[in-house]
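This report describes selected helices and domains of the structure shown below.

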Amino acid sequence: MRFATSPAPFVYAGCSVPRVMFQVLLALAPVAAVQVALYGPGLLLQLAIALPTALACEALAMRLRGREARVALGDGSVLVTAALLALSVTPLAPWWLTFAGVAVAVLLGKHVYGGLGHNPFNPAMVGYAAMLVSFPLAMSRWPVPLDAANTDWPSLAIHSWHAFLGMASPADFDAWTGATALDALRSGLAQRYTMEEIATRSGLGPLAGAGSQWVNLAALAGGACLLLRGVVRWHIPASMLAGLALPAAVMHALDPGAYPGPVFECFSGAAMLGAFFIATDPVTAATSDRGRLAYGAGIGFLTWVIRHCGGYPDGVAFAVLTMNLAAPLIDRWTIPRIHGHPR
Amino acid sequence: MAHNRPRGLELPAHKAVASTAPIGTAPAPSVAALALDQGSGRAARAVVAPGDRVRVGTRIAVATDPSTTSVHAPVAGRVLAIETRPTPSGDGPCILIENDGSDEREAAPLAWPGLEPAALVAALGDAGMAGYGGAAFPAAPKLAAARRHAARHLVLNGAECEPWICCDDALMRARAHDVVLGAQVLMHAMGAERCTVAIQDDKPEATAAVQAAVEAAADARIAIAAVSACYPAGAERLLLEAVTGIEVPHGTWPSTSGLLCQNVGTAAAAAGVVRGEPVTSRVVTVTGSGVARPGNLYARLGTPVSTLVEACGGYTDRPLRLIAGGSMMGRALATDEVPVTLALNCLLVATAGDLVERGTEYACIRCGDCADVCPTRLLPQQLLRGVVANDPDVLERHGLTDCIECGCCDYVCPSAIPLTARFRAARAEARVRESARWRADDLRDRYARHGQRLEAASEAERRAFENARDRARGQGG
């Protein structure tokens, strides 16, 4: 009797890249829900432009590269990139900004290097950095969170829609937006206010910014799910948060008036989203356990440095991109000891 | 070892399927096909010719170097031919013997306790002893190396960690006395002071049987160690570390660390050898949903595996794969007309329900799931980059030659990349590259020496000429 052959092994655990990506998308849902609840439905508009754009760019790139588009579209990675970008930009971003950011992320951040698995930089952060550098004003217009403003959800919806279509005037934005916690901190400190004054002036919550603390909590919850499901490992989130909290704790202890504490740092801006969803992108991160610890710690530390010594209110994107550059070197230095090799 | 995570996989064992019934006996083949390579990768030299009469136990091929094993006739009869045939490890030369059914025997028992250890090692080698664990590595060179390095600790591998395979379990249950006797023989041969029988903790019956046999033999040198029932706990170097705490250094044999590892089946075979029975059979697990009555069989070497399947009630419905070995490291056979070899521990007749299809292949996303399960702590994701880039430096840095090809990385890979197959191919390529380099170096060396010889010759000639000229001038002057 004849039989078909194939190489060993003949059994598999049955995990797949699309399933991994799907779980990441699912874990982003709480973040999205909180953002929609606090800042209005702008995020949904951003997703509505980001996701189709990402799929179209992916298909186009595969076509240009002469590859089968179906597998690449099916792996789900481009949806994660698009979702992360949509969550990172302000809900009041005009459609063309998100469109351009996603196109840069997918085409220049991913496919020029050979697509999934070959890109040295986190594609979402490439797109975000391009948008931030090119359109700093549009990127900084965050709406005042719902519970802190004298506004309501329906009017937030209308504002978002106007902003999305690019029909809002600068005066509209002045009325609708407010400084984010990190913005308030930066400008407050520049004007020589103390931390307490800034906190009362700009209405901070118990952890951090009145809105951003909830978004960060949601990201922490989603990230915890990913940890429990084994989709991400603890090394990068833990070391990134430690790398951010440690300098914050030291500087806060030395000069509490000029530096916020570790809790504020970890629940502000993109800290939690970065720790669990962005820095953990395995393609662009260091790959051994020790390497991941070093990589995460580097991102955390650089985030703190950029926040307090750099030119941007938040530093996660640039910290991630910088450490992406360092990942191959970290990998080189942190090869685990192989069984039977000298210690 | 503080930061060493538990490695490997916990896999469904599928062993009860075949291990519940006593060991059966496969019918003797009408024509036995004895592969000259019983699984170690190198063929022995045939010492019979077509037409020769052989008896059970007649040596029909001899070992020519330390990686070959001598082969003995498992049936009495006439040698039909020596020809290339499919074997479980690929096509290779086989000696075909027509069975006359007489089972006439050649038997020469060894007076082993009185035998010099070195002579015992030689006798075990002559009897065709090789590892029963699946690699069929010849036993005598390992024993000799253990003697040379004064290795004092024999570890008998009864872990049998791979799913489906249960021939060692069955053997330990049925012939524990032979395992213990064989342990004593091997200890005498290598000069060991103690022996540990390592058995996975999911085999309580086998453990109890061996325990009883050790007590009956009243040999305080032999102990039993339970090892955890995860895959691949039975891989030689990992088992030695689990049992003795000694991590055998890369690039050395266990004997240099004072250890020797042999399969429990090898020990049982050693007991047979001292009784005067050369290696001519082994226990084979015939299992899977594709066979009617799964079980373990004593099978003579050279028996077609189709005969084994028939002895187990034949195929049920159309099986998907016929696998020599288990579901993780086995080799898919193209035909059931291959003979049993010493390396064939299991014949897995798998239907679609027994196996999992490999999924769609995606690019490596470096998730590191493979590194988490790699029992030798490699980074398969980085090795793969080395393979793709064909960069020998990266491959060496990341320990390509330390890969034991257990398949754990394949099992968990979400991108369904055939990692083990690619590493195996890269290794073969590296070997080719190495031997090409060796040959080039050799040729360059020879050329240089040739040049030196020519130079020396011409120098001598010149000197002889000058001497003669000087002499002639002297006479003339």
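The expected span of a helix is taken here as 1.5 Å times one less than its number of residues. The model is a predicted one.

## Helix 5 of chain B

Helix 5 of chain B, covering residues 176-190, has 15 residues, and the distance from its first C-alpha to its last is 21 Å, close to the 21 Å expected at 1.5 Å a residue. Because 13 of the 15 residues of this helix are buried, helix 5 of chain B is largely enclosed by the rest of the structure. Just after helix 5 of chain B comes B:Gly191, whose phi is positive, at about 85 degrees.

## Domains of chain B

The domain assignment divides chain B into domain 1 (16-23 + 104-282) and domain 2 (359-477). Taken over C-alpha atoms, the centres of domain 1 and domain 2 of chain B are separated by 35 Å. Four residues from domain 1 and four residues from domain 2 of chain B take part in the contact, and on the side of domain 1 that touches domain 2 there are three nonpolar residues, one polar and no charged.

## Helices 13 and 16 of chain A

In chain A, helix 13 (residues 235-254) packs with helix 16 (residues 289-309) at an angle of about 35 degrees, the axes being 7 Å apart, and the crossing of helix 13 and helix 16 is right-handed.

Helix 13 of chain A contributes residues including A:His235, A:Met240, A:Leu244 and A:Pro247 to this contact, while among those from helix 16 of chain A are A:Asp289, A:Arg292, A:Phe301 and A:Trp304. Sorted by class, the contact of helix 13 with helix 16 of chain A comprises 15 nonpolar, seven polar and two charged residues.

Technical notes: Residues are numbered from 1 along each chain as its sequence is written. Chains are lettered from A and ligands numbered from 1 in the order in which they are written. This is a predicted model: local features need pLDDT of at least 70, side-chain atom pairs count only at pLDDT 80 or more; totals for chains, interfaces and linings use all residues. Helices (H or I, at least four residues) and strands (E, at least two) are DSSP runs, numbered from the N terminus. A residue is buried if 20 or more other C-beta atoms lie within 10 Å of its own, exposed if 12 or fewer, and partly exposed in between; C-beta atoms are placed from the backbone. Domain bounds come from an automatic or database domain assignment. Two residues are in contact if their C-beta atoms, placed from the backbone, lie within 7 Å. Ala, Val, Leu, Ile, Met, Phe, Trp, Tyr, Cys and Pro count as nonpolar, Asp, Glu, Lys and Arg as charged, and the others, Gly among them, as polar. Axes are lines fitted to C-alpha atoms, for helices over the stretch in contact, and angles run from 0 to 180 degrees between N-to-C directions. A crossing is left-handed if the near helix is turned anticlockwise from the far one by less than a right angle, and right-handed if clockwise.
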